[in-house]
Amino acid sequence: MRVQVAIIGSGPSGLLLGQLLHLAGIDAIILEQRSQEYVLGRIRAGVLEQCMVEMMERAQVAGRLHAEGLVHHGFEILFGGKRHRIDLHGLSGKDVWVYGQTEVTRDLMAARTAAGAKTVYEAENVSIHGFEGTKPLVRYTKDGKQHEVECDFIAGCDGFHGVCRPSVPPGAITEHERVYPFGWLGVLADVPPVSEELIYVSHERGFALCSMRSRTRSRYYIQCSLEDQVENWSDDAFWEELKRRLDPAGVARLVTGPSIEKSIAPLRSYVAEPMRFGRLLLAGDASHIVPPTGAKGLNLAASDVHYLSTALIEHYRTGRNTELDAYSGKCLRRIWQAERFSWWMTNLLHLFPENGSFGRKMQAAEFDYVLTSRAAATALAENYVGLPY
Ligand SMILES: Cc1cc2nc3c(=O)[nH]c(=O)nc-3n(C[C@H](O)[C@H](O)[C@H](O)COP(=O)(O)OP(=O)(O)OC[C@H]3O[C@@H](n4cnc5c(N)ncnc54)[C@H](O)[C@@H]3O)c2cc1C
């Protein structure tokens with residue numbers, strides 16, 4: 001088979017790129033190692049920046065997002081037992097949308113099916129070749145048969161554990177990493193959210209987040225030890241621990257119920273740079289990870305795809321490679337800003353026992369500054385709603 005662009009991975013970055021290329025008349029295939037049902041079953045992000053909503057509009061898949069997504073004008077931080085609201089709209093003029101990654105994926109998959117675009121699910125042993133020259137090639141196995149795809153470009157949208165980044169010669173890539181000494185235990189439950197807006201909780205027992213996917217589905221997290229196992233946390237134990245970290249008003253309003261998903265995610269900051277290697281271009285989690293505290297992972301995948309689709313469209317429409325040459329630099333500038341913000345939010349709100357009472361005092365001083373300085377609060381809000389592309 002021959003296509004113009006071979007996209008590896010059908011997560012948000014691969015699907016969004018596929019849709020934008022399709023609308024521009026560029027022939028692309030998506031190769032995904034998992035089944036469609038498996039990809040749709042993954043519970044992950046749920047807060048979209050305004051720029052990402054605009055990307056969904058450009059991709060002509062924002063109908064359900066506008067009908068069902070919840071617009072949030074602010075969020076609360078519960079610190080030292082007191083709640084404080086961050087007025088995102090008042091401070092930045094922008095909002096965020098609560099709409100699950102699963103729904104983003106579902107909408108993009110539906111558009112792809114409607115367009116009759118090529119996707120191979122359960123593609124095994126995907127390997128990429130020749131991207132440093134002019135004739136890249138992708139090999140994969142499907143139902144025991146070997147296949148080859150010739151292409152002009154390979155888009156590595158295959159997430160942190162994918163095959164594309166490890167295929168780059170080690171000397172050509174530089175990695176930067178910070179692994180945090182805790183994880184997030186998350187529970188998804190069909191119960192109404194405790195509050196209209198998200199509540200970020202900094203408590204002496206550890207961080208917690210009250211989030212939601214809709215008016216009837218809630219997503220809650222508590223900071224946990226990296227040694228913890230999901231099996232050791234009954235639903236009751238989770239709700240009890242969450243209550244210990246909430247204020248009395250929150251406890252009174254909290255509706256508990258059986259979990260429909262429960263998992264532990266480690267927290268990591270990671271960037272591999274650059275993001276272009278000849279005709280291989282990395283996007284999304286394939287090249288960077290942020291701790292979820294700043295709600296940036298999915299949104300960064302969208303901004304990478306903005307730059308990548310612009311570059312490929314320029315290449316095919318005009319023959320120029322100005323945007324392709326600028327791709328890595330433009331993405332990384334925004335990525336490092338999001339890395340800084342996610343790291344800052346993580347440091348502000350989590351319990352770091354090794355930092356002792358001095359560390360806790362530093363967090364309190366930082367938070368006090370956010371509450372008393374409009375400039376500091378605006379910096380928080382501007383970053384939370386997302387820096388412009
Ligand atoms: C457990 C978890 C919880 C998260 N929670 C949040 C959150 O609360 N807020 C937030 O903002 N972000 C969160 N994130 C981050 C966010 O979900 C990611 O940033 C986002 O999914 C990135 O999209 P992507 O398309 O780049 O990568 P992915 O979504 O990882 O998609 C990559 C795709 O490539 C496929 N693939 C992998 N290897 C191969 C291969 N060899 N061949 C073919 N296909 C392959 C995978 O199956 C997958 O479908 C979370 C991530 C995880 C893992």
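Tyrosine 38 is part of helix α2, which spans residues 36-41; helices here are DSSP runs of H or I with at least four residues, numbered from the N terminus. This is a predicted model, in which local features need pLDDT of at least 70 and side-chain atom pairs count only at pLDDT 80 or more, whereas totals for chains, interfaces and linings use all residues. Residues are numbered from 1 along each chain as its sequence is written, and side-chain values use heavy atoms, with hydrogens and water left out.

Tyrosine 38 counts as partly exposed because its relative accessibility is 40%; the class lies between buried (under 20% relative accessible area) and exposed (over 50%), with a 1.4 Å probe and protein chains only. From C-alpha to C-alpha, tyrosine 38 and histidine 176 are 30 Å apart, with a sequence separation of 138 residues.

Glutamate 68 belongs to helix α4. With a relative accessibility of 46%, glutamate 68 is likewise partly exposed. Its C-alpha atom is separated by 9.9 Å from that of tryptophan 97, 29 residues away along the chain.

## The ligand and its shell

The ligand is surrounded by 29 residues, the closest being Ser13, Glu32, Arg42, Gln101 and Asp285; a residue counts if one of its heavy atoms lies within 4 Å of the ligand. Helices α1 (12-23) and α9 (297-318) each contribute at least two residues to this shell. By class, the shell holds 12 nonpolar, 10 polar and seven charged residues; Ala, Val, Leu, Ile, Met, Phe, Trp, Tyr, Cys and Pro count as nonpolar, Asp, Glu, Lys and Arg as charged, and the others, Gly among them, as polar.

An N or O atom in the side chain of glutamine 101 lies 2.7 Å from an oxygen atom of the ligand. Of the 1,000 Å² of accessible area that the ligand has on its own, the protein covers 85%, by the Shrake-Rupley method with a 1.4 Å probe.

## The second largest pocket

The second largest pocket contains about 290 Å³ of space. A pocket is an open set of points on a 1 Å grid where a 1.4 Å probe fits, with protein on both sides within 12 Å along at least five of seven lines; lining residues have an atom within 4 Å of a point.

Its lining comprises 18 residues, with Gly100, Glu103, Arg213, Ser214 and Arg217 nearest the centre. Helices α4 (63-68) and α6 (101-115) each supply at least two lining residues, and α6 gives the most, with three. The lining divides into eight charged, five polar and five nonpolar residues.

Methods:
Points joined across faces, edges and corners; volume = space filled by probe spheres on them. Polar contact = N/O pair within 3.5 Å; in protein donor to acceptor, adjacent residues only side chain to side chain.
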